[in-house]
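Here is a friendly briefing to read alongside the model.

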Amino acid sequence: MTQSIATLALIVANYDEAIDFYCEKLGFSLIADVDQGQDRRWVQVGPIGSGARLLLARAETAEQRAAIGNQTGGRVAFFLETTDFATDHAQMLSQGVRFLEAPRHEPYGTVAVFEDLYANKWDLIEPKHQD
């Protein structure tokens with residue numbers, strides 16, 4: 001049996017502003033945007049060609065709204081892998097993505113923490129190749 005995690009839910013305040021951030025600033029693809037009625041939508045975005053998806057789930061309750069931007073208690077929540085850190089880092093900076101640190105070289109690869117539009121923390125990471 002083969003299993004994989006394909007989709008993760010991300011609580012957002014507004015579908016359209018989240019789509020704009022992920023698609024315009026990070027270069028993700030809009031995979032699905034389906035009206036479900038009652039002001040709900042099934043919205044999925046993901047890095048082009050990766051197969052991984054984020055379900056952009058609009059907060060509906062006070063508890064969900066309180067979790068926007070802090071879904072992991074301030075830790076890095078998501079890891080965006082790249083094969084060209086320098087190019088992606090420069091592109092994201094040009095789109096106004098806020099990095100919290102300069103790129104650093106770790107034993108596992110090149111990495112820098114950035115924030116999404118709600119201040120969720122992400123790693124942009126180019127893993128070191130294992131020879």
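Which residue in β3 is the bridge partner of G37? The bridge partner is R40. This is a predicted model, in which local features need pLDDT of at least 70 and side-chain atom pairs count only at pLDDT 80 or more, while totals for chains, interfaces and linings use all residues. Residues are numbered from 1 along each chain as its sequence is written, and side-chain values use heavy atoms, with hydrogens and water left out.

- Strands β2 (residues 29–37) and β3 (residues 40–46) run antiparallel and are joined by 7 bridges; two strands pair if DSSP finds at least two bridges between them.
- Helices (H or I, at least four residues) and strands (E, at least two) are DSSP runs, numbered from the N terminus.
- The hairpin formed by β2 and β3 has 2 residues between the strands, and Q38 in the turn has a positive phi of about 50°.

**Helix α1**
- Helix α1 covers residues 15–25, and its buried residues are Y15, A18, I19, F21, Y22 and C23; buried means under 20% relative accessible area, exposed over 50%, and partly exposed in between (1.4 Å probe, protein chains only).
- Those buried residues pack against β1 (7–12), β2, β3, β4 (53–58), β8 (109–115) and β9 (121–127), where contact means heavy atoms within 4.5 Å.
- After α1 comes G27, which has a positive phi near 80°.

**Salt bridges**
- There are 7 salt bridges in the structure, each being a side-chain nitrogen of Lys or Arg within 4 Å of a carboxyl oxygen of Asp or Glu.
- One of them pairs E60 with R40, with the closest N and O atoms 2.7 Å apart. This pair links distant parts of the chain, 20 residues apart: E60 is in the loop between β4 and α2 (62–67), and R40 is in strand β3.
- E60 counts as partly exposed at 34% relative accessibility, and R40 counts as partly exposed at 39%.
- E115 and R98 also meet through their side chains in a salt bridge (2.6 Å, N to O). E115 lies in strand β8 and R98 in strand β6 (residues 98–99), so this pair ties together parts that are 17 residues apart in sequence.
- E115 is buried, with a relative accessible area of 15%.
- D16, D33 and R41 are linked in a network of salt bridges.
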